[in-house]
Amino acid sequence: TFMNTRELQRQIADTKSTITDEELFSSKAYQNYLQNIIDNISEQYGRGAIIQTKYDTDDNRVAYTDNFRVFVNTANEITLKCTTKTQKNLSCIGLIGHESGHILFTDFQFADKYIKALRKGKFFPVKPKKKDFNFKYVKNIDELTDVFSEANNAKLRVIEQVAMQFSNIVEDGYVERCMKTKFPGTVAMGIGINNIIQADLTPSLQDMVDKDYKPIAIFSNLLLQYVKTGRVENQELVKNEYTDTLFDCLADVDMALCENNSKIRIKKFHRKPAEY
C-alpha cells in the first residue's frame, strides 16, 4: 500500500494504528523513507548508497553493506525486541546509520590489504615491536612469527578469521562513535537503542563460562559489549583470564575507537593481542 511520508510518520507514531508491523516495515514507502535518511546522511560526503529492505523473521541477517548498497532486515532479532513501532523505526534508522558509517568512515581498501597480508603470512602494516607490548604478551609475537614462517594455510586461516573478528568489532565501535558525533539526533538514538538490546542479548561472562563457550567467543563477546556500551555483562564480578586480558587491552582499544587513521587504528589495537 502506498503511503506518503506524512502518512507513514503518522502510522509509525500512532500506537492505535491497525496497520501491522509487517505491513508497515515491509512497505515500499518505508524503504523510500529509509533511502531518504541515507541520502541526507551522505549528502555532505557525496557518497550515497542504495537501500534494500526485507521483512523476514526467518532470516538471521540483520544489516550489512558492500560499500555501495545497504541491506536491512526490518524484522531482525534486535529490532523485534522493541515493543512499539516508534522504537522499531529508531532501531532500523540506527542500523542504516551504522552501515552508512562504514561507507563514510571505513577504509575498505586498507582492510582488504590487511586481510590479504595475513593470508600470506605477513604482518601488516608493519611488524609489531616487542617493546610496545605488555611483557605477558611478548611471546605472542614469536608464536605468530613461527606460524607465518610455516606457511600453513590452515593455521593462517585461523589467524585471519580471529584478526577479522577483533578488528571488525573495533571498527564497528569506531564508526558508531563517528556517526553519533556527526548525527546526534535519531541516528544516534537508534544506534544507542540497538547497542543496549544487543548487549542484553549477549550472555553474561559467567553464563558463557558455565556453558563452555569457546575462549575466542567469550573474549569477542566481552570486547563487543565494551565497544558498544562501555561495559561488560559481569554482574557476578567474575575475574578470570578473559577479564584480565580485556583490561590489558582497554587503553589501546579506547585509543583505536577514537583514531581516524586506519593504519594507526590497526596498530594501536594489535599492540596487546589476546592469547586465544
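Reader: Which helix gives the most to the lining of the largest pocket?

Author: In this predicted model, where local features need pLDDT of at least 70, side-chain atom pairs count only at pLDDT 80 or more, and totals for chains, interfaces and linings use all residues, the helix is H7, with seven residues. Residues are numbered from 1 along each chain as its sequence is written, and side-chain values use heavy atoms, with hydrogens and water left out. H7 (153–182) is a helix in the sense of a DSSP run of H or I of at least four residues. A pocket is an open set of points, on a 1 Å grid over the protein atoms alone, where a 1.4 Å probe fits, with protein on both sides within 12 Å along at least five of seven lines; lining residues have an atom within 4 Å of a point.

Reader: What makes up the lining of the largest pocket, and which residues lie nearest its centre?

Author: The lining has 38 residues, and His 98, Glu 99, His 102, Asn 168 and Asp 172 lie nearest the centre. By class, 17 are nonpolar, 12 polar and nine charged (Ala, Val, Leu, Ile, Met, Phe, Trp, Tyr, Cys and Pro are nonpolar; Asp, Glu, Lys and Arg are charged; the others, Gly among them, are polar). Among the elements that give two or more residues are helix H4 (85–105) and helix H5 (108–119).

Reader: Why is H4 called largely enclosed?

Author: Of the 21 residues of H4, 19 are buried, so the rest of the structure largely encloses this helix. Buried means under 20% relative accessible area, exposed over 50%, and partly exposed in between, with a 1.4 Å probe and protein chains only.

Reader: How do you know whether Lys 85 and Ala 13 are buried or exposed?

Author: Lys 85, in helix H4, has a relative accessible area of 14% and is therefore buried. Ala 13, in helix H1 (residues 5–13), has 52% relative accessibility and therefore counts as exposed.

Reader: Which residues are in contact with Lys 85, its neighbours within four places in sequence left aside?

Author: Contact requires heavy atoms within 4.5 Å. On that rule Lys 85 touches Gln 11, Ile 12, Ile 19, Thr 20, Asp 21, Leu 24 and Phe 25.

Reader: How do you know what span H4 should have?

Author: The expected span is 1.5 Å times one less than the number of residues. For the 21 residues of H4 this gives 30 Å, and the end C-alpha atoms are 30 Å apart, so the two values agree.
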